[in-house]
Amino acid sequence: MLLSAACLGARLLADELSPYTVEDRRSGYTYLSEDNQRLQDDDFANPGLLWVEQGRTLWHRADGTAGMSCTSCHGDATVSMRGVRTRYPRFDPQRGKLINLEQQINRCREQRMQALPYPYESEALLALTTFVSWQSRGLPMHVSIDGPAQPFFEAGRAFYMQRRGQLDLACTHCHDQYAGQRLRGDVISQGQSNGFPIYRHTWQTLGSTHRMFAWCNTSVRAEPYPLGADEYVNLELFVAWRGRGLPVETPAVRR
Amino acid sequence: MAEPRVRVPSTAKKGESIEIKTLISHPMDSGHNRDVYGRLIPRYIIHTFTCTYNGEEVFRADWHPAIAANPYLTFYTVATESGRLRFEWSDDKGTVYATEAEITVV
C-alpha cells in the first residue's frame with residue numbers, strides 16, 4: 001500500500017515534469033524548487049510577465065521616421081509570431097552569418113521602421129524579445145543547423161567545448177559532466193536555453209541568453225564577449241540545438 | 001515601467017474573505033549596492049503600500065530595503081460591499097503608482 005502510494009507519487013511527478021524533459025534533455029525547470037516552479041507557472045505572479053506586458057505595448061507603438069509599428073507588417077502577434085522563437089538563431093543570407101531574435105527585432109527597427117536600434121539588454125529590447133518569444137510558449141525548440149548554418153553551428157560547438165578563463169573550464173564541464181550535481185549551494189542545470197529571456201533571482205530582473213553566457217564566462221574568470229557578439233550568437237545556436245524538442249518557457253523563472 | 005498588476009475576484013459573497021494579489025515593477029535599490037564604477041547606488045525603494053476599499057483603508061504595509069525587486073504581495077480582506085479597491089505604492093522619489101479594481105458583493 002505504502003509502496004504503491006510512493007510509486008504513484010513518483011509517477012505523478014514524472015508526468016508533471018514530462019513536458020520539460022525530452023529524452024535525456026532536461027529543462028532548467030526540472031532543477032527548480034517547487035516554489036520557483038509555481039512562480040513560473042502562475043501567469044500573475046511570474047515577474048517575467050511584466051516584460052510581456054511592456055513588450056505588447058511596444059509591439060503596437062509606432063516609432064521611427066517611417067511611422068510604422070511592428071503591427072504594420074506583422075499584425076496580430078499571436079498568429080504571426082507563433083513558432084518564431086523556436087527557429088532562432090537562424091542563418092541570415094543578408095548578413096552572411098547567423099541572426100538571433102534580438103538582432104532581428106533591431107533589424108526590423110532600422111530597415112522597416114527607420115528607427116534607432118535598441119541597445120542590447122535594454123528594457124525595451126528585452127520586453128519585445130520576451131513578448132515575441134512568449135507567443136511560442138509550449139512549442140518545441142527546432143533550429144536549423146544544416147546548410148549555410150552548419151559552419152556557425154560547428155563554431156558554436158567548438159566554443160562550448162573550449163576551456164577558458166582562470167578556472168580553465170568549458171561549458172561542457174559543468175553542463176554535461178556535472179549537471180544535476182551541486183556547485184556550492186546550487187544545483188547545476190544542463191544549461192538549456194528554452195526559457196530565455198529568463199527572470200533570474202540572482203539578477204533581480206530579466207536577462208537575455210547572452211547576458212547568461214557573459215555571466216557564465218565571468219564566473220570561470222574569463223573575459224566575456226560583448227552582448228550580441230558573433231561568438232555568442234553561434235553558441236546560442238549550438239545551445240538551442242542541444243535543447244531541441246524542449247518547450248519554449250519564456251519568460252522562465254530561474255535562480 | 002510596466003503598469004502595476006492586481007488580481008481581485010470580480011464577485012464575492014458578503015462577509016467572505018477574499019484574496020488579493022499585487023505585483024509591481026520596481027528596482028528596489030537597497031542603497032548598499034555599487035554600480036560598475038564603484039559608486040554607491042542611492043536607496044530607491046517603495047516604502048509604503050496601501051489598499052483602500054471605498055475610501056476606507058483596509059491594508060497598509062511599510063516596506064524596507066531588504067525587499068526584492070518587483071515586489072509581489074498577497075493579502076486578504078473581507079468583502080463588505082460592492083465598490084472600488086484602490087492600491088497605492090509610494091517610493092523614495094515621491095512617485096505614487098496607483099491602480100484600481102472593481103468588486104461586486106452579492
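**View 1. Contacts and strands of chain B.** In chain B, 58% of the contacts with a separation of 6 or more join residues 24 or more positions apart, a contact meaning heavy atoms within 4.5 Å. The secondary structure of chain B comes to zero helices and eight strands, where helices (H or I, at least four residues) and strands (E, at least two) are DSSP runs numbered from the N terminus. This is a predicted model, in which local features need pLDDT of at least 70 and side-chain atom pairs count only at pLDDT 80 or more, whereas totals for chains, interfaces and linings use all residues. Residues are numbered from 1 along each chain as its sequence is written, chains are lettered from A and ligands numbered from 1 in the order in which they are written, and side-chain values use heavy atoms, with hydrogens and water left out.

**View 2. An aromatic pair between chains A and B.** The rings of A:Phe44 and B:Tyr72 have centres 6.4 Å apart and planes at 55°, so the pair is tilted; rings of Phe, Tyr and Trp (its six-membered ring) pair if their centres lie within 6.5 Å, with planes under 30 degrees apart counting as stacked, over 60 as edge-to-face and the rest as tilted. A:Phe44 is in the loop between helix H2 (34-41) and helix H3 (48-60) of chain A, and B:Tyr72 is in strand S6 (residues 72-78) of chain B.

**View 3. A charge over a ring in chain A.** The charged end of A:Arg109 sits over the ring of A:Tyr118, 3.7 Å from its centre, the criterion being NZ of Lys or CZ of Arg within 6 Å of the ring centre and within 35 degrees of the ring normal. The charged end of A:Arg200 likewise sits over the ring of A:Trp215, 4.1 Å from its centre.
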